[in-house]
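Hello,

Here is the structure for your files. My notes follow below it.

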Amino acid sequence: MKLLIGSQKQVLSIVESNPQEYKDAIFIRITSEGFNDLPFTTDREYLFDFPDMEEQEYLDNLDKLIEYKNKVEEVFDKEIRINPITEEEAQEIREIAERIKQEGIQKVVIHCDEGKCRSPSVAYAICLLLGERETAEMIKSSNYYRLSQTIIEKIVEVNNQFKNNVRRF
């Protein structure tokens, strides 16, 4: 499996320079700033809007974030999201990994706004789910990426729950 991980700007530049090469790829697009169009239409595009939070910042400030969330929700009667990935998003990513495996998809393109945290974290988790240990290790050992344990653990946890439910039948 060939992975292309980066910022939205980097990834779209590469894809636009050679659209034919990426026509059959799966696109996992994560942003909190809005999506730019792909140079072609595809039914293999998945859009996610989970917030860009540094792992340590999120963990260090979780109590403050919860307090802020509760106050804002109370005053404005509006739900505020503080977690970097929901169970539903993790489930959808697990399903994407299953599609990659079942359909033998060879190219996966994953981007977020900066290409440093969310997209490599999702790529790492997908590699774990698919048994691509060597690729996962390359992502993990990169000094450029800042992997989010919260994102990775949620995706792996959802996958394990799915496997346990399947075994029951």
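Arginine 99 and aspartate 43 form a salt bridge, with their closest N and O atoms 3.9 Å apart. The term means a side-chain nitrogen of Lys or Arg within 4 Å of a carboxyl oxygen of Asp or Glu. This pair links distant parts of the chain: arginine 99 sits in helix H5, aspartate 43 in the loop between E2 and E3, 56 residues apart. Helices (H or I, at least four residues) and strands (E, at least two) are DSSP runs, numbered from the N terminus.

Before going on: this is a predicted model, in which local features need pLDDT of at least 70 and side-chain atom pairs count only at pLDDT 80 or more, while totals for chains, interfaces and linings use all residues. Residues are numbered from 1 along each chain as its sequence is written, and side-chain values use heavy atoms, with hydrogens and water left out.

Back to the bridge. Arginine 99 is buried, at a relative accessible area of 16%. Aspartate 43 is exposed, at 61% relative accessibility. Here buried means under 20% relative accessible area, exposed over 50%, and partly exposed in between (1.4 Å probe, protein chains only).

Glutamate 103 and arginine 44 also meet in a salt bridge, 3.4 Å from N to O. Glutamate 103 lies in helix H5 and arginine 44 in the loop between E2 and E3, so this pair ties together parts 59 residues apart in sequence. Glutamate 103 is partly exposed at 43%; arginine 44 is buried at 18%. Asp43, Arg44, Arg99 and Glu103 are linked in a network of salt bridges. The whole structure holds 8 salt bridges.

Another one is local. Lysine 154 and glutamate 157 meet at 3.9 Å, N to O. Both lie in helix H8 (residues 149-168), 3 residues apart, about one turn of the helix.

Which buried residue has no salt bridge, yet has glutamate 98 4.2 Å away? That is arginine 94, and glutamate 98 is its nearest side chain of opposite charge (Lys and Arg count as positive, Asp and Glu as negative; His and the chain ends are not counted). Arginine 94 lies in helix H5 (residues 87-103). Its charged end sits over the ring of phenylalanine 162, 3.5 Å from the ring centre. The criterion is NZ of Lys or CZ of Arg within 6 Å of the ring centre and within 35 degrees of the ring normal. Lysine 107 lies over the face of tyrosine 22 at 5.7 Å from the ring centre.

There are 3 aromatic pairs. One of them joins phenylalanine 27 and phenylalanine 40: edge-to-face, 5.8 Å centre to centre, 65° between the planes. Rings of Phe, Tyr and Trp (its six-membered ring) pair if their centres lie within 6.5 Å; planes under 30 degrees apart count as stacked, over 60 as edge-to-face, the rest as tilted. Phenylalanine 27 and phenylalanine 40 are both buried.

Helix H7 (residues 133-141) has two sides. Thr135, Ala136 and Ile139 are buried. They cover an arc of only 100° around the axis, so they are on the same side of H7; the arc is that of the directions from the helix axis to the C-beta atoms. Arg133, Glu134 and Met138 are exposed on the other side.

Overall, the chain has 8 helices and 4 strands. Buried residues make up 43% of its 169 residues.

Best wishes
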